[in-house]
Amino acid sequence: MIAERYLNAAILAIFFVVPAWAWWANEPFTITLMTRAAIFALAAVGLNVALGLGGLVSLGHAAFFGIGGYAMGILAFHAQTVTPVMEWPFVIEGTKSMPVIWLTAIVLSALAALVIGHLSLRTSGVYFIMITLAFGQMFFFFSISWSAYGGEDGLSIWVRNDFPGLNTLQPIQFYGLCLAILCTVLWFTSRLARSPFGLALNAARQVPQRVETVGLNATRLKLVAFVISGAITGLAGALFADLNRFVSPTMFSWQMSGEIMVFIIIGGVARLFGPVAGALVFVALEHFLGGLSDYWLVYLGALLLLIVLFGRGGLIGIVSGREKAHG
């Protein structure tokens, strides 16, 4: 546990040291890469609540990632075109305020997760995986046909949204915002895992029958975890859309769901910093190997295969020497 804590601190230090160096060296692209890693890490931390704590293997989390992205895109689009999002039964205006957009993304993603989770948790195992995948694909094909917001071409936003007291067009300031959110969510999930709810959820993942015998509803516990998971991933989607100033149906694709899960597997399932380490490794491989070959995903696949076969605890488990832990 002590070794893993030092490793977690080292990973977190990377998120402070590398951008600080890039800002000093006037390397904005490196800051953008670290911002991308932080946002991917946030999305994976969200999925890890469902997967690591609840044992829910979801291949449809791109649905929440996309909902968060389109929440940002639609609100910002209507703000820049000075048209209301809707006029009946009441008027909803567009906005460029990040806090309002984040709240909208979290609420919409949580509501979607509540509905999807309520229906999906009637099944288990491979059936749960497939029904979450089906929901994700439903959102994907709907967004392709949603011509009002670009359809398959996506939707561009002219200027990044606003946050009080910050110039979000400055890469280092937007990165600091994303890092602050990531650290806050990591603290929240750490507390959640150690709370009575987290302990009950862990028990429901391992032996649901015993949880039922003490008067707790295992399905309800997993549903709450799924809703929290979807809300966090939706927030990451809104940040990702703001980073790119662009949203498209690819945010809903099953490939995106797979990538988010890959981050967790690489770093370590049920480990607090597993998703963070996985996202960091993914972005690094994408940057360094992607410049050398169009087939860099082959190397990622080889790494994933080695971890699954020989390092079930992910990279953090391999380095710290512990098979299973959270925190």
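Buried is used here for a residue with under 20% relative accessible area, exposed for one with over 50%, and partly exposed for anything in between, all with a 1.4 Å probe and protein chains only. This is a predicted model, in which local features need a pLDDT of at least 70 and side-chain atom pairs count only at pLDDT 80 or more, whereas totals for chains, interfaces and linings use all residues. Residues are numbered from 1 along each chain as its sequence is written, and side-chain values use heavy atoms, with hydrogens and water left out.

**Confidence**

- Where pLDDT is low, the predicted coordinates should not be read in detail.

- Once neighbours within four places in sequence are left aside, leucine 42 is in contact with Ile181, Leu182, Val185, Ile232, Leu235, Ala236 and Leu239.

**Aromatic side chains**

- The structure holds 16 aromatic pairs, where rings of Phe, Tyr and Trp (its six-membered ring) pair if their centres lie within 6.5 Å, and planes under 30 degrees apart count as stacked, over 60 as edge-to-face and the rest as tilted.
- The rings of phenylalanine 65 and phenylalanine 240 form a tilted pair, because their planes stand at 45 degrees, with the centres 5.4 Å apart.
- This pair links distant parts of the chain, since phenylalanine 65 lies in helix α3 and phenylalanine 240 in helix α9 (residues 218-244), 175 residues apart, and both phenylalanine 65 and phenylalanine 240 are buried.
- Phenylalanine 282 and tryptophan 296 make an edge-to-face pair, at 5.5 Å centre to centre and with 70 degrees between the planes.
- Phenylalanine 282 belongs to helix α11 (residues 274-288) and tryptophan 296 to the loop between α11 and α12 (297-310), so the pair ties together parts that are 14 residues apart in sequence; phenylalanine 282 and tryptophan 296 are both buried.
- One aromatic cluster is formed by Tyr70, Phe77, Phe139, Phe142, Trp146, Tyr149 and Phe252.
- Arginine 160 lies over the face of phenylalanine 174, at 4.4 Å from the ring centre; a charge sits over a ring if NZ of Lys or CZ of Arg is within 6 Å of the ring centre and within 35 degrees of the ring normal.

- Histidine 78 is found in helix α3 and counts as buried because its relative accessible area is 8%.
- Apart from neighbours within four places in sequence, histidine 78 is in contact with Thr83, Pro84, Val85, Gly94 and Tyr149.
- Proline 89 is in the loop between α3 and α4, and the peptide bond from tryptophan 88 to proline 89 is cis, with omega near 5 degrees.
- Threonine 95 is found in the loop between α3 (62-81) and α4 (98-120), and its relative accessible area of 17% makes threonine 95 buried.
- A polar atom of the side chain of threonine 95 lies 3.1 Å from the backbone nitrogen of serine 97.
- Not counting residues up to four places away in sequence, threonine 95 touches Leu75, Ala76, Ala79, Val100, Ile101 and Asn161.

- Asparagine 26, in the loop between α1 (2-24) and α2, has phi near 60 degrees, a positive value in a residue other than glycine, and at 63% relative accessibility asparagine 26 counts as exposed.
- Alanine 270, in the loop between α10 (254-267) and α11, has phi near 70 degrees, again a positive value in a residue other than glycine, but alanine 270 counts as buried at 11% relative accessibility.
- Arginine 271 is found in the loop between α10 and α11 and counts as buried, at 0% relative accessibility.

Terms used
Contact means heavy atoms within 4.5 Å. Helices (H or I, at least four residues) and strands (E, at least two) are DSSP runs, numbered from the N terminus. A polar contact is a pair of N or O atoms within 3.5 Å; within protein, one must be able to donate a hydrogen and the other to accept it, and residues adjacent in sequence count only if both atoms are side-chain atoms.
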